[in-house]
Amino acid sequence: MARTPVLSTRVLLVCAAIGVATGIIGGIAGLLTPVVLVAAPWAYGLLLGSHVLPGIIAQEVLRRPLVALVTHFIAALVASAFNPAWSLRFIGTALLFGAIQEGVAALTRYRAWGPWRFFISAAVIGVIVAVVVFFAAHLGSLALWAQIAYLALSVLGPIGWTAVGLGVGTALSRAGVARR
């Protein structure tokens, strides 16, 4: 008897559609990154937080293992078309964010899909982004108010984008995207 694959064709197609749409958003965020880093580096975490969308939407719609990673990877490939020089950054970010989202879902054995679970992964991503980018981009040289604003927006950015992603995922589910 043939086994049903974890990621059926239908699931992969939904991941691809979500990945393309959110990859365009990620590509636009990538284009805006240099402008934000020069004009308002303290707001970068808010922009980077948009990269949580692929996994959040995919998990909300499909509620299956691996959909966050697959969707993030597709989104990274699409975003790379906007700025090929940043392809490895897009892919690295996608794999990190997707792995965190999958990890939180795996801790609940893919059985708990309440909004709290999504916000936990968003907070973990926000804290990691805040710390890593703070040191990598030497944001300690900014004024104290800018450092505080950066840290707050870096943690709150992914949380806000998660709320947006949950809204989109819920709407897609109501539209019948997740029907079997």
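## A buried arginine

Arg117 is buried yet takes part in no salt bridge, and the nearest side chain of opposite charge, Glu60, is 6.7 Å away. Here, buried means under 20% relative accessible area, exposed means over 50%, and partly exposed lies in between (1.4 Å probe, protein chains only). A salt bridge requires a side-chain nitrogen of Lys or Arg within 4 Å of a carboxyl oxygen of Asp or Glu. As to charge, Lys and Arg count as positive and Asp and Glu as negative, while His and the chain ends are not counted. The model is predicted: local features need pLDDT of at least 70, side-chain atom pairs count only at pLDDT 80 or more, and totals for chains, interfaces and linings use all residues. Residues are numbered from 1 along each chain as its sequence is written, and side-chain values use heavy atoms, with hydrogens and water left out.

Arg117 belongs to helix α6; helices (H or I, at least four residues) are DSSP runs, numbered from the N terminus. Neighbours within four places in sequence aside, Arg117 is in contact (heavy atoms within 4.5 Å) with Gln59, Gln101, Val104, Ala105, Thr108 and Ala112. The charged end of Arg117 also sits over the ring of Phe118, 4.2 Å from its centre. For this description, NZ of Lys or CZ of Arg must be within 6 Å of the ring centre and within 35 degrees of the ring normal.

## The salt bridge

Side chains of opposite charge can pair when their charged atoms come close. The count comes to one salt bridge. Glu60 forms a salt bridge with Arg63, and their closest N and O atoms are 3.3 Å apart. Glu60 is buried, at a relative accessible area of 11%, whereas Arg63 is partly exposed at 38%.

## Aromatic rings

Rings of Phe, Tyr and Trp (its six-membered ring) pair if their centres lie within 6.5 Å; planes under 30 degrees apart count as stacked, over 60 as edge-to-face and the rest as tilted. By this rule there are six aromatic pairs. The rings of Tyr110 and Trp113 have centres 6.3 Å apart and planes at 40°, so this pair is tilted. The pair of Trp113 and Phe118 is likewise tilted, because the ring centres are 6.2 Å apart and the planes meet at 40°.

Tyr110, Trp113 and Phe118 form one aromatic cluster. Tyr110 is partly exposed, with 23% relative accessibility, while Trp113 and Phe118 are both buried.

## An enclosed helix

Helix α3 (residues 53–62) is largely enclosed by the rest of the structure, because 10 of its 10 residues are buried. Among these buried residues are Gln59 and Glu60. The buried residues of α3 pack against α1, α4 (67–82), α5, α6 and α7. Arg63 follows α3 and has a positive phi, near 50°.

## Nonpolar cores

A nonpolar core is a set of buried Ala, Val, Leu, Ile, Met, Phe, Trp, Tyr and Cys residues joined through side-chain atoms within 4.5 Å. The largest has 21 residues, and Ile125, Val129 and Val133 have the most contacts inside it. Helices α1 (9–39), α2 (44–48), α5, α6 (115–136) and α7 (144–174) each supply at least two residues of this core. Its largest share, five residues, comes from α6.

Leaving aside neighbours within four places in sequence, Val129 is in contact with Leu48, Phe97, Phe134 and Tyr150.
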